[in-house]
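Work through the exercises below with the sequence and the coordinates at hand. Each task is followed by a solution in steps.

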Amino acid sequence: MFRIDFNKLRFLVCDDNPHMRRILRTLLHSFGAREVYEAEDGATALEMYSHYAPDIVITDWVMPIFDGLELTQMIRQPEAKGNPFAPIIMLTGHSEKRRVTVARDAGVTEFLAKPISAKALYQRVLNVVANPRPFIKTKNYFGPDRRRTSAANAYIGPERRSGGDAETIHQPSLLDKARVAG
Amino acid sequence: MAKAKTSAVHVEAFADHHVITPPNPLRGVLRAVDDKDRDDPIARAERALAGLSGEFDAWMASECERLRAAHAAILKDGFSKATRDELFRAAHDIKGDATTFGYPTASVAAESLCRIIEHAPQLDQVPAELIANHIKAILAIVREHAQIDKAGVEHELSRRLRAVADEYLAAVNHDRPEHLEAILSPGIAPAE
């Protein structure tokens with residue numbers, strides 16, 4: 001059995017709704033997190049991201065000034081001074097399938113539809129910790145590898161982006177590595 | 001905060017893309033525990049959330065007041081980007097949060113309102129009573145929620161509002177296939 005040491009993780013929570021920020025803070029502290037920084041809009045979150053260098057970002061989508069999608073795109077700048085690789089969990093009231101695709105294409109690591117639950121949040125954090133994905137950089141995308149199912153990794157057909165030969169790289173998950181080591 | 005051993009970003013170049021494996025600073029936060037370990041962080045968090053629940057009614061009331069104020073601004077000044085965005089954000093927050101606060105049918109009605117705001121080609125052409133009835137329904141659901149015998153009424157009210165809104169949206173989007181597809185597609189199930 002594996003457990004996350006939340007007290008070693010630094011979180012940045014970005015949500016314009018103070019009630020949801022309180023709920024997230026309560027959940028994360030209950031999991032054991034000590035460092036939870038909060039921003040109420042995307043601009044403030046970007047500043048805090050640079051300043052505090054969080055391990056994991058949890059952001060709402062719909063916010064004033066600039067939203068969670070724009071925040072994600074600003075973090076996922078390969079040439080940026082800050083860390084462009086931090087896991088980003090999009091926690092949102094949006095529940096349409098196309099929104100998942102849009103979020104994924106912006107570089108979001110995990111999508112979590114509201115209503116929030118302790119179990120779902122824990123599982124998303126566990127997933128980004130235990131199963132980090134390599135990043136893909138193309139002419140118009142920079143973010144986590146969007147093909148993450150075992151079926152997708154086994155794909156050996158023509159590459160969708162170019163129509164050329166596919167080249168797949170298998171990344172053992174941290175959870176798998178830990179199991180082997182244990 | 002999580003510290004990784006210093007290691008370089010590993011980059012593999014391909015014809016039209018690069019595969020980048022960054023160092024993993026989170027490597028050290030996952031640990032194996034004994035099966036006898038009874039600590040349950042999820043249960044602990046659920047208990048903490050239950051401890052907050054005494055505040056949910058007040059939080060829901062403030063979300064409703066925000067929605068009412070956003071609607072009042074539209075009745076006074078009409079639709080602008082600012083008034084439209086504030087109404088959408090207020091409804092969207094209720095859609096996302098009301099279930100957590102114990103008002104799931106308010107969430108359903110708020111979702112229906114969000115769909116109107118997102119998919120109506122021209123908001124100032126939407127029948128005013130369609131939007132007003134959604135606002136009234138959400139406020140009434142929250143106001144009357146304490147009365148258990150109203151539960152069936154709440155559900156039926158939300159269901160009918162959604163049906164009317166969907167019928168309207170399907171009609172006004174008949175020549176906008178991308179909106180029509182979004183309107184007709186089932187939503188994703190909320191996470192466990």
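This is a predicted model: local features need pLDDT of at least 70, side-chain atom pairs count only at pLDDT 80 or more; totals for chains, interfaces and linings use all residues.

**Exercise 1.** Locate Asp60(A) in chain A and decide whether Asp60(A) is buried or exposed.

Solution. 
- Asp60(A) sits in the loop that connects strand E4 (56-59) to helix H3 (68-75) of chain A.
- A residue is buried if 20 or more other C-beta atoms lie within 10 Å of its own.
- Asp60(A) has 30 C-beta neighbours inside 10 Å, so Asp60(A) counts as buried.
- Beyond four places in sequence, the contacts of Asp60(A) include Cys14(A), Asp15(A), Asp16(A) and Thr92(A).
- An unreviewed UniProt entry places the feature "modified residue: 4-aspartylphosphate" at Asp60(A).

**Exercise 2.** Sort residues of helix H2 (residues 56-77) of chain B into buried and exposed, and state what the buried ones pack against.

Solution. 
- H2(B) has 22 residues and reaches 31 Å from first to last C-alpha, close to the 32 Å expected.
- Buried in H2(B) are Trp59(B), Met60(B), Glu63(B), Cys64(B), Leu67(B), His71(B) and Ile74(B).
- They cover an arc of only 140° around the axis and therefore lie on the same side of H2(B).
- Exposed residues on the other side of H2(B) include Ala58(B), Ser62(B), Glu65(B) and Lys76(B).
- The buried residues of H2(B) pack against H1 of chain A, as well as helix H3 (81-97) and helix H5 (128-144) of chain B.
- Just after H2(B), Gly78(B) has a positive phi of about 80°.

**Exercise 3.** Describe the side of chain A that touches chain B, and identify a strand pairing between the chains.

Solution. 
- In contact are 54 residues of chain A and 48 residues of chain B.
- H1(A) gives the most to this side of chain A, with 7 residues.
- The residues of this side divide into 27 nonpolar, 13 polar and 14 charged.
- E1(A) and strand E3 (residues 30-32) of chain B run antiparallel, joined by 3 bridges.
- Within E3(B), Leu30(B) is the bridge partner of Ile4(A).

Terms used
Residues are numbered from 1 along each chain as its sequence is written. Chains are lettered from A and ligands numbered from 1 in the order in which they are written. UniProt positions are given in the numbering used here, feature names are shortened, and annotations may be inferred rather than shown by experiment. Helices (H or I, at least four residues) and strands (E, at least two) are DSSP runs, numbered from the N terminus. A residue is buried if 20 or more other C-beta atoms lie within 10 Å of its own, exposed if 12 or fewer, and partly exposed in between; C-beta atoms are placed from the backbone. Two residues are in contact if their C-beta atoms, placed from the backbone, lie within 7 Å. Ala, Val, Leu, Ile, Met, Phe, Trp, Tyr, Cys and Pro count as nonpolar, Asp, Glu, Lys and Arg as charged, and the others, Gly among them, as polar. Two strands pair if DSSP finds at least two bridges between them. The expected span of a helix is 1.5 Å times one less than its number of residues. The arc is that of the directions from the helix axis to the C-beta atoms.
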